[in-house]
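Hi everyone, thanks for making time today. Let me put the structure up, and then I'll walk you through a few parts of it.

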Amino acid sequence: MSEFATIGTIAAIATAVVPQQGSVGIVRLSGNKALQIAETLFHAPGNQVWESHRILYGYIRHPLSAALVDEALLLIMKAPRSYTREDVVEFHCHGGIIAVQQVLQLCLESGARLAQPGEFTLRAFLNGRLDLTQAESIADLVGAKSPQAAQAALAGLQGKLAHPIRQLRANCLDILAEIEARIDFEEDLPPLDDKAIISEIERITAEIIKLLATSEKGELLRTGLKVAIVGRPNVGKSSLLNAWSQSDRAIVTDLPGTTRDVVESQLVVGGIPVQVLDTAGIRDTVDQVEKIGVERSRRAASAADLVLLTIDASAGWTQSDAEIYLQVQHRPLILVLNKIDLVETHYIASIQYPTNISQVVQTAAANNQGIDALEKAILEIVKTGKVQAADMDLAINQRQAAALTQAKISLEQVQATIAQQLPFDFWTIDLRSAIYALGQITGEEVTESVLDRIFHKFCIGK
């Protein structure tokens, strides 16, 4: 894709196309023929001035038959003051399906080609409008599932990740220049201060480690936390889901085994997207449909980031609860004592459960009690996990983490090379590797295949 990214004029629908929904649909063009195509298709009545960053009102007509296609607005953004740093025009049409599809087709017939996924943003990168971290932040912003995820994406878009990466790369380049100067002009320069070089490399490595600590938090903000509610039948799992999501997603009856399949609900807890899975009650059964549901429940629990093992407080800790616990104890776990409204407080305190369960929450899901305590316990699990050191304002993705890890390994190898008192030429090998890895993050060093992997995830019109 990237080898053709700046060739020709591209066009795409830049808004969601939904039948009978959406008041406005936008068709976007970028390239050297964008203005020419706009002048061919758009007719602005009166004496409206065709100038950059001005909105015109008028009609889109077929260039040959002059048939009216839509009443619309036209936005003009001339290079370099545009998203792509090319001439960009946008037709703001009526929403829905037909109008925008017709306008897009006219643009293609007039000399544009259909944009590939992410090609507008790719052009912005190739033309120096954005660096690679900012381009990825745009994708994160579009796909943000919570305000905190959007905030982290905005931080990346503002260069809060690119700036420290560039600074670290510049520091490595300074070290490389010092070493290479000794290779070429050793007799004319004072001896290299090995201790100062090692100290600077250690400082750079420490900064890289700080950035790497945001990786898991970044993944959490982007993909969310998968939480499975498990337990034996009729302990109130579905009631817990309904109370938590404030909806009637799951059927609730007094009959055990009502939930036959995994029911999902999307929530946000403390700014973190949470996918809650209400699973079928786990028990031995001869019912073939329920047996399939139980097996799916076990798989959901095994794949979950966090398990909410729910028991009936009025029944206490049963043998069935203990058997289910053995199946999920390897996962991060919160014990939920549900139906506390049916028993006395002193009885709840007497319930015996495994002592290695550190997080216990009491709920009465049918009465919407205990949900705040449950969310607090979930956030506590997150904070005390591996993502503890993460900064909510800065969160790297997997690609960036892989490059930082390579830079860290290379810098550690430089230190080992220095310790072994090998010649300067050997120092530069791994130092160059670290510089290359850091450059991959912002785009100073990047291959076409990497660009293709990044931008194919974008939508067509972005």
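Let's begin with an open sheet of seven strands, in the order β3-β4-β5-β6-β2-β1-β7 and with mixed pairing; strands here are DSSP runs of E, at least two residues, and helices are runs of H or I, at least four, numbered from the N terminus. β3 (42-43) and β7 (113-114) are the edges, each with a single partner strand, so one side of each has no neighbour in the sheet. Before I go on, this is a predicted model: local features need pLDDT of at least 70, side-chain atom pairs count only at pLDDT 80 or more, and totals for chains, interfaces and linings use all residues. Residues are numbered from 1 along each chain as its sequence is written, and side-chain values use heavy atoms, without hydrogens and water.

Phe-42 has Ile-60 in β4 as its bridge partner.

Now helix α14, residues 398-419. Its 22 residues reach 32 Å from first C-alpha to last, close to the 32 Å expected at 1.5 Å a residue, where the expected span is 1.5 Å times one less than the number of residues. Buried residues of α14 include Leu-404, Leu-411 and Ile-418; buried means under 20% relative accessible area, exposed over 50%, partly exposed in between, with a 1.4 Å probe and protein chains only. After α14 comes Gln-421, with a positive phi near 60 degrees.

Terms used: Pairing = 2+ DSSP bridges.
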